[in-house]
Amino acid sequence: MMRTLVVVGAQWGDEGKGKIVDVLAERASVVARFGGGNNAGHTLVVDGRKLVTHLVPSGCLYPGTTCVLGAGMVVDPDVFAGEVRTLQELGLLTQDELRVSLDAHLILPIFRQLDGLREDRSANNAIGTTRRGVGPTYEAKVGRRGVRVRDILEHDRLAARLDRLLPWIEGELVRLGVDAAEIAKMVDAKAIHEAAKPWAEWLAPMVCDSGALCASAVAEGKPVLFEGAQGAMLDVDHGTYPFVTSSSTIAGGVCTGLGIGPTLIDAVWGITKAYTTRVGAGPFPTRVEGEAGDGLRNAGGEFGATTGRPRDCGWLDLPALAYAARLSGMTGLCVTKLDVLARLPQVQICEAYEDDRQPGVDDLDRVVPRLRTLSGWGDPTIAEKLATAKSLEDLPAPVRTYLDLIEETTGTPVVLLSVGAERSETLMLSEAFPPAEA
């Protein structure tokens, strides 16, 4: 019986992971995030109430569920504190459920400033970051000059870290043409020490070894859910480089981002929309332009949960989805926003690229998608039947054909369908965890 499950995005992020993790977390004892920072935004809707989490794992709506921020994450302490405060005002996270890895790196205010300055000065070469400081923080981490949670708990340790970090920051600011007086304010070590004192005091009761915590839970037979951020096509190693995020977004990132071995992973479920969206710069082979694209965006409410930016929208890209399934070794696919697709007058799907190029290459923006128009969509009764379906057999024929095509192309079974934002608007085709009494 499955005891551990990884949930990752199978597209360019924004696939609906927050809702799916929330649904699956009902039976989980631990929900752990393994990468990314507050550049992610997971939208949860329960009883008509909408919540957006950026750092706190999506298991936060279940009292008693341990929510872990892993070592592979980058954490903005001010944003984290504000998010936790908001959730506690709603009566959540009041039972000591939060844990933060001692080895997670901190997004300092200087990293946010540097991120914004770089984007402003990049002109036509901007990556389209969220300007949250995530990229510079990971850059400092890889350069062995970052600041971890454990570092702010000891004054001398923090001083040593800043001695390595601040000269690099200063050099970057000089390169960007920042005024010398302004630079002096931005790299003030004393000010950073003062800002770190309340962070340390607040975070100290939550710190943990994320790998040891997760491994212990698995050894005790507890269901553990590993929550990804962004999507496979944004993975720093395997995505549409350089238009990617700064961390590993695929299932392999669980091991490095939490500190567990791959043998502890029982299953991997990928999340895909019934169509495709993307925010920011970079290639998007199936993008739909003009009025049709606007219609799809408005029908799906496709605006970023973190930035509010409108998402580019397009048809489902099966070659990219198959690539994502291979990268993470997906054992199941969860298809979200089928209800949006059901309201469209016409549905197309990308079956292949004309020149057989594969995702992940630098020139993915040059591929020509081979689109197929699917019959049977546009019938208003499809949406009604989706809303009342209790099993695969209840689904309308065009939907069944669509799902069959996804399974055949990716070699991965569809295990869950989402037909609305609420928890109740979910059709489980396979059980993720055993019932609580098992």
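Predicted model: local features only at pLDDT ≥ 70, side-chain atom pairs only at ≥ 80, totals over all residues.
View 1. Setting aside neighbours within four places in sequence, Ile 265 is in contact with Thr 4, Val 6, Ala 251, Val 254 and Cys 255. Leu 225 is 40 residues away along the chain, yet its C-alpha atom and that of Ile 265 are separated by 9.8 Å.

**View 2. Phe 226 and its contacts.** Once neighbours within four places in sequence are left out, Phe 226 touches Thr 4, Leu 5, Val 6 and Val 7, along with Ala 32, Cys 214, Val 254, Leu 258 and Ile 260.

**View 3. The largest nonpolar core.** This core has 66 residues, and the ones touching the most other members are Phe 226, Leu 341, Trp 377, Tyr 402 and Ile 406. Its top contributor is helix 11 (residues 318-328), which supplies seven residues. Another core, of 50 residues, lies apart from it, with Val 74, Leu 92, Leu 158 and Leu 173 among its members. In soluble globular proteins, nonpolar side chains tend to be buried together.

**View 4. Strand 18 meets strand 19.** Strand 18 (residues 414-418) and strand 19 run antiparallel and are joined by three bridges. Look for Leu 417, whose bridge partner in strand 19 is Leu 427.

Note on methods
Residues numbered from 1 in each chain as written. Heavy atoms only, no water. Core = buried A, V, L, I, M, F, W, Y, C linked by side-chain atoms within 4.5 Å. Buried < 20%, exposed > 50% of the residue type's maximum accessible area, 1.4 Å probe, protein only. Helix = DSSP H or I, 4+ residues; strand = E, 2+ residues; numbered from the N terminus. Contact = heavy atoms within 4.5 Å. Pairing = 2+ DSSP bridges.
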